[in-house]
Every structure is written in structure tokens, then in C-alpha cells.
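Q: Hi! Could you walk me through a helix in this one, and then a couple of loop residues?
A: Happy to, here it is.

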Amino acid sequence: MHTNTAASKTDVVIVDTSARDGIATIGDVSTADKVAYIDLLVKAGLKRIDCVAFTHPRLIPKHSDAEKVMAQIKKRSQVTYIGLVPNEIGCRRAIVTGIDQVLTLVAASDAYNRLSLGRGTKETLNKILPAIASAAASSKKTIRSYILAAFGCPYTGKVPVEDVSRIIQQLSLMGVSEISLVDSAGMANPKSVKELVNVASALKLNITLAAHFHNNRGAAMANCIAAYEAGVRIFDTALGGLSGTPFGSVDRDIGSWNIPTEDLVNIFEEMGIKTGINIDHLLEAVEFAEKLCGRPLPGHILRARPNSEKFPLPMTRQSLT
């Protein structure tokens with residue numbers, strides 16, 4: 001299990017998920033705006049972008065323009081464009097567009113898997129994912145897999161580490177190259193993060209490990225640092241925290257789930273950990289996202305930066321207390 005893989009000249013890799021997970025949930029966003037948003041992420045220096053979903057157009061209409069988005073973006077050779085595929089048909093659609101990597105889903109909790117994916121975990125692992133793996137392999141596409149509810153299920157509680165370990169091993173046998181441990185319900189804490197990462201690393205499989213923390217209980221930043229200390233070097237984030245509600249979870253407002261990309265980039269850079277991302281260009285993308293949303297997003301850095309002409313610090317006695 002590789003936990004320390006990162007791009008050259010950087011210490012960590014950030015995988016931004018907002019183009020797929022967030023932009024498509026905020027109303028009627030045009031294909032042109034989705035393309036412009038992805039291009040802004042590339043301008044900021046992001047080298048891996050989770051940008052589209054090849055779900056059924058009638059079931060999730062807001063993702064129905066995935067092919068159009070991929071056809072219109074200014075595709076860069078040094079950037080990995082990732083597309084979510086729910087099944088073999090979705091995978092074959094993705095392959096035709098020239099997507100670089102396919103993303104699959106499976107939950108460590110059977111209850112969460114049934115609620116979010118409409119079937120049990122065993123069926124997903126034994127039927128759906130092998131078909132995707134076969135289609136991806138035939139086109140030499142790498143596979144990135146989310147293990148949802150890896151740190152706990154909102155319906156059944158704590159998920160045994162052994163259950164997650166077994167899924168990791170099954171995914172490895174299918175040829176999955178990267179696994180992202182997803183804290184779907186925000187139930188992780190630094191201790192549980194280190195425990196699971198250590199167990200996964202001890203398997204010594206030919207898989208790179210990533211971490212994806214939701215911030216609905218306010219622990220995402222602490223969990224990212226814990227994952228880094230345990231050896232993880234790939235982190236999933238969303239610009240401004242922009243994200244929809246995870247399937248099968250209690251509905252929440254947009255922006256209450258994923259850790260803001262700019263917040264994590266800022267803390268890593270302040271710690272001397274290189275991300276390869278230009279924070280000024282990243283904040284341009286945040287401003288664009290806020291215009292699309294029509295309201296501020298919960299990321300901190302856009303408004304916290306000193307010497308900001310747009311958000312000057314009030315020079316009052318009250319501000320000093």
C-alpha cells in the first residue's frame with residue numbers, strides 16, 4: 001500500500017471534487033460555466049480534478065452534459081481528469097470522452113451502500129465493480145475507488161476496520177490503483193484515522209491511499225493532518241467546501257460537507273508542505289464559484305487573508321479584542 005505517493009516537486013496531491021460534487025448541485029449551471037470553472041482550477045495548478053459524472057441522464061439530469069463538458073474543456077496533458085462511473089455503461093461512456101481516470105463507489109456499510117447505491121455491498125463488489133474494472137482495463141484506464149462510510153455509518157454506527165480492510169483487498173485484486181477512504185458521515189477522529197491508515201498500509205498492496213474527509217462535525221482539518229502524519233499524501237477537497245449531500249445522508253445545505261480546498265492548501269503551505277497550487281489563482285476560482293452559487297461559501301481563506309482590498313480588516317477597538 002503506497003501512502004506517500006505525490007507528484008514531482010510537490011509533497012502532497014490535492015484532488016478537487018467540486019466540479020462534479022458541488023457545481024452540479026447548485027441549480028441550473030450551464031455547460032459553459034462548468035467548463036470555465038474547471039479551467040480555473042487548472043490555472044490554479046490543480047493536477048487532478050474530479051470533474052464529471054457519467055450517471056444516468058434521467059436519474060441525475062444535472063450530470064447529463066458530462067460528454068459536452070469533456071469535449072469543451074481545454075484539456076492539459078499534465079492534468080488528470082477524473083469521471084465518476086456508477087456501472088459498466090457509465091464507464092464505457094467515460095472512456096469514449098477520453099477521461100483519464102474512472103472513479104467508482106462502494107460503501108463499507110451495507111446499509112449505506114443500499115441507501116446510496118441501491119444494492120448491497122456484496123453485489124457492488126462481486127458484480128458492478130468487476131464489470132467496470134474489465135471495461136477500464138480494456139482501454140488502459142486507471143481506477144480510483146471511494147470506500148464510502150469508511151470511518152462510520154450514520155445508520156449503523158461504527159464500521160469495523162476489518163470490513164474496510166477486506167474491501168481494500170478485493171479492490172486490489174480488481175486492479176484498482178488508488179483508494180480514497182471517505183468519511184461520509186464526518187464520524188472520523190484523528191485517532192481512528194491513524195488506526196485505519198496504519199491497518200491499510202500494513203496490507204502492503206500495490207495501491208495508493210488517499211483520504212476524503214467531510215467537515216459536518218468540524219473535524220476534517222484535524223483528520224487531514226492526522227492522515228498526513230500517518231503517511232497519506234493524497235487528499236480530496238472541494239473549492240470553498242462546495243459540495244452536495246452525500247447519497248443516503250440527511251439533507252444539508254450546499255457547502256457543509258467537503259473540506260475547502262483553499263483552507264487545506266493554505267495550512268499545508270504554511271507548514272512548509274508543498275501543494276504546487278497558486279493560492280491567488282485558487283481564490284479567483286472561489287470567487288467564480290460564489291457567483292454561481294449566489295452566496296458566500298464556507299471556506300475561510302478568501303476573507304481571512306490580510307491586506308485584502310476586497311475584505312479590509314476593520315480598524316476599530318472592538319476588532320482588537
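Q: How does the end-to-end distance of helix H6 fit with its 18 residues?
A: This is a predicted model. At 1.5 Å a residue, helix H6 (residues 121-138) should span 26 Å, and its end C-alpha atoms lie 25 Å apart, so the two values agree.

Q: Where in H6 is there a kink?
A: At Leu 129, shortly before the proline Pro 130, with an angle of about 35°.

Q: Which residues of H6 are buried?
A: Thr 121, Thr 124, Leu 125, Ile 128, Leu 129, Ile 132, Ala 133, Ala 135 and Ala 136. So Leu 129 is the site of the kink and also one of the buried residues, because buried means under 20% relative accessible area.

Q: What happens just after H6?
A: Lys 140 takes a positive phi there, about 55°. Lys 140 sits in the loop between H6 and S5, and it is a residue other than glycine.

Q: Is Lys 140 buried or exposed?
A: Exposed, because its relative accessibility is 78%, and the cut-off for exposed is over 50%.

Q: Switching topic: what about phi of Lys 204?
A: Phi of Lys 204 is near 55°, again a positive value in a residue other than glycine.

Q: Where does Lys 204 lie?
A: In the loop between helix H8 (190-202) and strand S7 (208-213). Lys 204 counts as exposed because its relative accessibility is 71%.

Terms used: Residues are numbered from 1 along each chain as its sequence is written. This is a predicted model: local features need pLDDT of at least 70, side-chain atom pairs count only at pLDDT 80 or more; totals for chains, interfaces and linings use all residues. Side-chain values use heavy atoms; hydrogens and water are left out. Helices (H or I, at least four residues) and strands (E, at least two) are DSSP runs, numbered from the N terminus. The expected span of a helix is 1.5 Å times one less than its number of residues. The bend at a residue is the angle between axes fitted to the seven residues ending there and the seven starting there. Buried means under 20% relative accessible area, exposed over 50%, partly exposed in between (1.4 Å probe, protein chains only).
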